[in-house]
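Morning, everyone. Please have a look at the chain on the screen, and I will walk you through it.

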Amino acid sequence: MKFHDLHIHTHLSLCSEDPGATVANYLCRARELGLEVLGFTDHMWDVANVPLPSPNPWYRQQDFARAMSIRREIPRDSGIKVLVGVETEFAQGVVGISPQAASELDFVLVPHSHIHMLDFVRERSVVSPRDVAAHMLKTFEDLVSRDIATIVAHPFFPLSMHTGENLVQIYRYLPDGALEHAFGLAQEHRAAVEVNLSIFEGNIQAPLYQDTYLRMLSIAKRMGCKFSIGSDSHSIQAFDETYRAGMFEDAVAILGLTDDNMVQLAL
Ligand SMILES: [Zn+2]
Ligand SMILES: [Zn+2]
């Protein structure tokens with residue numbers, strides 16, 4: 001497979017605190033690191049065409065036109081394949097991109113697990129590990145059934161509840177059978193599954209991930225889902241550290257991924 005990264009944020013994402021996170025700087029560093037394919041995916045809600053289900057000032061500022069302004073930064077020939085996508089959102093049953101906007105992109109990344117966004121992605125009453133697990137299962141299945149996500153970003157990553165004992169408790173309520181059902185649906189609907197390198201916090205071998213993320217991703221593989229790999233970098237430094245630490249190679253080896261497992265964009 002190509003040495004690829006299909007989840008990169010630039011300075012256009014409001015949560016990037018690196019003004020140097022430009023396409024030119026990513027391409028320069030990617031060349032040094034040996035990457036072959038970069039996919040840019042800034043946060044985006046297509047507010048002009050898809051009404052926000054509840055007020056969200058953060059997304060209101062990150063509309064499709066802003067995300068697409070990245071095209072002005074892409075050089076004609078950099079020696080690296082550059083894909084343009086977005087990371088949109090799935091909140092209250094609404095995916096934040098219109099089919100028309102999606103058709104203008106190389107791919108659409110949609111997360112279902114930004115559960116730190118209270119009263120938007122997650123209702124306040126969803127707190128217990130059991131309820132959070134049920135929420136993620138329901139939103140994952142609902143999302144993949146809509147045939148709009150090319151790739152589900154960081155599946156089953158309970159953002160804000162993703163560390164230590166919280167993670168273990170939540171995954172107790174994500175048994176193999178339930179995950180098999182969810183990934184079976186993803187496979188049927190051809191929604192690829194992301195191996196998000198940032199969720200492992202620099203150590204994919206940590207025992208914590210054995211029965212959580214690695215079990216979950218292995219089930220996706222067994223169910224025949226296609227994969228992409230992404231660093232979810234929000235800065236040049238994070239991008240650099242991810243690849244210098246060998247996270248891409250480790251993920252491929254540990255999950256036993258081959259060309260057959262990868263989404264077409266990564267080949
Ligand atoms: Zn995300
Ligand atoms: Zn992201």
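Start with the contacts. Take those in the chain with a separation of 6 or more: 77% of them join residues 24 or more positions apart. Keep in mind that this is a predicted model.

Ser 218 and Leu 255 are 37 residues apart along the chain, and their C-alpha atoms are separated by 6.5 Å. Ser 218 sits in helix α8, residues 210–222. Is Ser 218 buried, exposed or partly exposed? It has 15 other C-beta atoms within 10 Å, so it is partly exposed.

Now the overall shape. The chain has 267 residues, and a compact globule of that length would have a radius of gyration near 18 Å. The chain has 17 Å, which agrees. Along the principal axes, the C-alpha trace spans about 50 × 40 × 35 Å. Buried residues make up 43% of the 267.

Next, the parts list. There are 10 helices and nine strands in the chain.

Let's look at the sheet. Strands of a sheet pair through backbone hydrogen bonds, either parallel or antiparallel. Here, seven strands form an open sheet, and the pairing is parallel. Read the order with me: β1-β2-β3-β6-β7-β8-β9. Which strands stand at the edges? They are β1 (4–8) and β9 (227–230). Each has a single partner strand, so one side of each is left without a neighbour in the sheet. On average, neighbouring strands of this sheet are turned by 30 degrees against each other, direction ignored.

β1 runs parallel to β2, residues 37–43, and three bridges join the two. Find Ile 8 on your screen; opposite it stands Phe 40 in β2.

On to the core. In soluble globular proteins, nonpolar side chains tend to be buried together. The largest nonpolar core in this chain holds 74 residues. Which members touch the most others? They are Val 108, Val 110, Ala 149, Ile 151, Val 152, Ala 186 and Met 216. Helix α5, residues 129–144, gives the most to this core: six residues.

Pick Val 108 and leave aside its neighbours within four places in sequence. Val 108 is then in contact with Gly 85, Val 86, Thr 88, Ile 97, Ala 102, Ile 148, Ala 149 and Thr 150.

The partner is helix α6, residues 164–172. The axes of α5 and α6 come within 8 Å and cross at roughly 65 degrees. That crossing is right-handed. On the α5 side, Pro 129, Val 132 and Ala 133 make the contact. On the α6 side, Gln 169, Ile 170 and Arg 172 do.

Last stop: two loops, one on either side of α5. Asp 119 lies in the loop between β6 (107–111) and α5. Its phi is positive, about 65 degrees, although Asp 119 is not a glycine. Why does Asp 119 count as exposed? Exposed means 12 or fewer C-beta neighbours inside 10 Å, and Asp 119 has 12.

Asp 147 is in the loop between α5 and β7 (151–153). Phi of Asp 147 is positive too, near 60 degrees, and Asp 147 is not a glycine either. With 11 C-beta neighbours inside 10 Å, Asp 147 counts as exposed.

Terms used: Residues numbered from 1 in each chain as written. Chains lettered and ligands numbered in written order. Predicted model: local features only at pLDDT ≥ 70, side-chain atom pairs only at ≥ 80, totals over all residues. Core = buried A, V, L, I, M, F, W, Y, C linked by C-beta atoms within 7 Å. Buried ≥ 20, exposed ≤ 12 C-beta atoms within 10 Å, placed from the backbone. Helix = DSSP H or I, 4+ residues; strand = E, 2+ residues; numbered from the N terminus. Contact = placed C-beta atoms within 7 Å. Rg over C-alpha atoms; globule rule 2.2 N^0.38 Å. Pairing = 2+ DSSP bridges. Axes fitted to C-alpha atoms, helices over the stretch in contact; angles between N-to-C directions. Left-handed = near helix turned anticlockwise from the far one by under 90°.
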